[in-house]
Amino acid sequence: QVHLVESGGGLVQAGGSLRLSCAASGSIFSINTMGWYRQAPGKQRELVAAITSGGRLNYADSVKGRFTISRDNAKNTVYLQMNSLKPEDTAIYYCSEGHLTYSGSYLPDYWGQGTQVTVSS
């Protein structure tokens, strides 16, 4: 059974940085695509960033240039470095593990429990 555990969330002032981590177990981590989603109150969950097994990256327009996703296959861990944080980045951030569809879109199969990120103005 796949198990994803996020850590690193918290409260930060606007302009600050946070690094989220997600430790995976129960899967062949190195061959799967990993993604970070977020969900703000009253909004739909949205894909923030994804990284394929080959290191191909995808970012939401709203975080390009500020967030960086990376993975360490030896540690079965994916990271999300978040810089220049804005109040609108406030959300629960979820780690996911999934696959690419035939058309190249990312589909999550498993979810972590989420970690709260709050950015104060």
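A polar contact is a pair of N or O atoms within 3.5 Å; within protein, one must be able to donate a hydrogen and the other to accept it, and residues adjacent in sequence count only if both atoms are side-chain atoms. By that rule, the side chain of Tyr 93 reaches the backbone oxygen of Asp 89 at 2.6 Å.

The legends below describe a predicted model, in which local features need pLDDT of at least 70, side-chain atom pairs count only at pLDDT 80 or more, and totals for chains, interfaces and linings use all residues. Residues are numbered from 1 along each chain as its sequence is written, and side-chain values use heavy atoms, with hydrogens and water left out.

**View 1**
Tyr 93 lies in strand β9. Strands (E, at least two residues) and helices (H or I, at least four) are DSSP runs, numbered from the N terminus. Is Tyr 93 buried or exposed? With 0% relative accessibility, Tyr 93 counts as buried. Buried means under 20% relative accessible area, exposed over 50%, and partly exposed in between (1.4 Å probe, protein chains only). Contact here means heavy atoms within 4.5 Å. Neighbours within four places in sequence are set aside; among the other residues in contact with Tyr 93 are Glu 6, Leu 20, Trp 36, Val 48, Phe 67 and Val 117. The side chain of Tyr 93 also makes a polar contact of 3.0 Å with the side chain of Arg 38. Tyr 93 and Ala 40 are 53 residues apart along the chain, and their C-alpha atoms are separated by 8.8 Å.

**View 1. The largest nonpolar core.**
A nonpolar core is a set of buried Ala, Val, Leu, Ile, Met, Phe, Trp, Tyr and Cys residues joined through side-chain atoms within 4.5 Å. The largest one has 28 residues. Which residues have the most contacts inside it? They are Trp 36, Val 78, Leu 80, Met 82 and Tyr 93. Elements that give two or more residues to this core include β3 (18-25), β4 (33-39), β8 (77-82) and β9 (91-100). The largest share, 4 residues, comes from β3.

**View 2. An open sheet of 4 strands.**
The strands are ordered β1-β3-β8-β7, and the pairing is antiparallel. Two strands pair if DSSP finds at least two bridges between them. Strands of a sheet pair through backbone hydrogen bonds, either parallel or antiparallel. β1 (3-7) and β7 stand at the edges; each has a single partner strand, so one side of each is left without a neighbour in the sheet. From one strand to the next, the twist averages 15 degrees. Axes for such angles are lines fitted to C-alpha atoms, for helices over the stretch in contact, and angles run from 0 to 180 degrees between N-to-C directions.

**View 3. Strand β8 and its partners.**
Of the 6 residues of β8, 5 are buried, so the strand is largely enclosed by the rest of the structure. β3 and β8 pair in the antiparallel sense over 6 bridges. Ala 23 stands opposite Thr 77 in β8, and Arg 19 stands opposite Gln 81. β7 and β8 also run antiparallel, joined by 6 bridges. Here Ile 69 faces Leu 80 of β8 as its opposite residue. β7 and β8 form a hairpin with 4 residues between them. In the turn, Asn 76 has a positive phi of about 50 degrees.

A salt bridge is a side-chain nitrogen of Lys or Arg within 4 Å of a carboxyl oxygen of Asp or Glu. How many does a search of the whole structure find? There are 4. Arg 38 forms one with Glu 46, with the closest N and O atoms 2.7 Å apart. Glu 46 is partly exposed, with a relative accessible area of 33%. Arg 38 forms another with Asp 89, at 2.9 Å between the closest N and O atoms. That pair links distant parts of the chain: Arg 38 is in strand β4, and Asp 89 is in the loop between β8 and β9, 51 residues away. Both Arg 38 and Asp 89 are buried. Salt bridges that share partners join Arg 38, Glu 46, Arg 66 and Asp 89 into one network.

**View 4. The salt bridge of Lys 64 and Asp 61.**
The side chains of Lys 64 and Asp 61 meet at 3.1 Å, N to O. Asp 61 is exposed, with a relative accessible area of 65%.

**View 5. Thr 115 in strand β11.**
Thr 115 lies in strand β11 and counts as buried at 12% relative accessibility. A polar atom of its side chain lies 3.3 Å from the backbone nitrogen of Gly 9.
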